[in-house]
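Hello,

Here is the structure you asked for. My notes on it follow below.

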Amino acid sequence: MIEEGGRAPALEVETGAGERIDLANPGGKLVLYFYPKDDTSGCTREAQDFTALADEFAAAGTRIVGISRDSAKSHDKFIAKYDLKVPLGIDEGPLSEAFGTWVEKSMYGRKYMGMERATFLIAADGTVLKAWRKVKVPNHAAEVLKAARGS
């Protein structure tokens with residue numbers, strides 16, 4: 001599991017735009033936020049909040065990438081439906097496993113594996129500056145922006 005002060009794993013994130021980002025050396029600050037599922041209420045709100053602050057993140061020299069296990073096609077539909085300005089990365093398992101966000105969950109007494117909502121602020125050299133686990137969506141994007149500006 002990735003912790004604050006540790007190093008991001010030597011993995012790449014591929015966004016729907018075809019961009020590949022090396023997490024161990026992203027070349028600038030990077031916000032990597034993990035979310036459970038495209039086009040669900042909390043995940044939509046979180047993506048919209050990051051989109052609303054995208055210019056401010058850019059001014060702070062910070063890129064944002066959302067990560068879920070949804071397909072590229074699902075990401076494309078989600079981005080188009082809500083006019084999202086934040087790229088979405090595709091994770092087939094290695095990213096969420098490395099960051100410890102693929103966890104056992106429980107709903108109505110049924111246990112299953114799913115994505116824990118978590119966010120990581122990564123420095124240009126791959127150091128994890130800040131980690132937020134078990135994120136609650138309201139005001140989260142603004143809190144992450146404040147941290148990005150301060151580091």
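The buried residues of helix α1 pack against β3 (29–34), α2 (54–59), β4 (62–68), α3 (72–82), β8 (118–122) and α5 (140–150). Contact here means heavy atoms within 4.5 Å, and buried means under 20% relative accessible area, with a 1.4 Å probe and protein chains only. Helices (H or I, at least four residues) and strands (E, at least two) are DSSP runs, numbered from the N terminus.

This is a predicted model: local features need pLDDT of at least 70, side-chain atom pairs count only at pLDDT 80 or more, and totals for chains, interfaces and linings use all residues. Residues are numbered from 1 along each chain as its sequence is written, and side-chain values use heavy atoms, with hydrogens and water left out.

Which residues of α1 are buried? They are Cys43, Thr44, Glu46, Ala47, Asp49, Phe50 and Thr51.

Now the whole protein. It has five helices and nine strands, in the order β-β-β-α-α-β-α-β-α-β-β-β-β-α from the N terminus. Of its 151 residues, 48% count as buried. Among contacts with a separation of 6 or more, 62% come from residues 24 or more positions apart. The C-alpha atoms fill a box of roughly 40 × 30 × 30 Å, taken along the principal axes.

Regards

Key:
Buried < 20%, exposed > 50% of the residue type's maximum accessible area, 1.4 Å probe, protein only.
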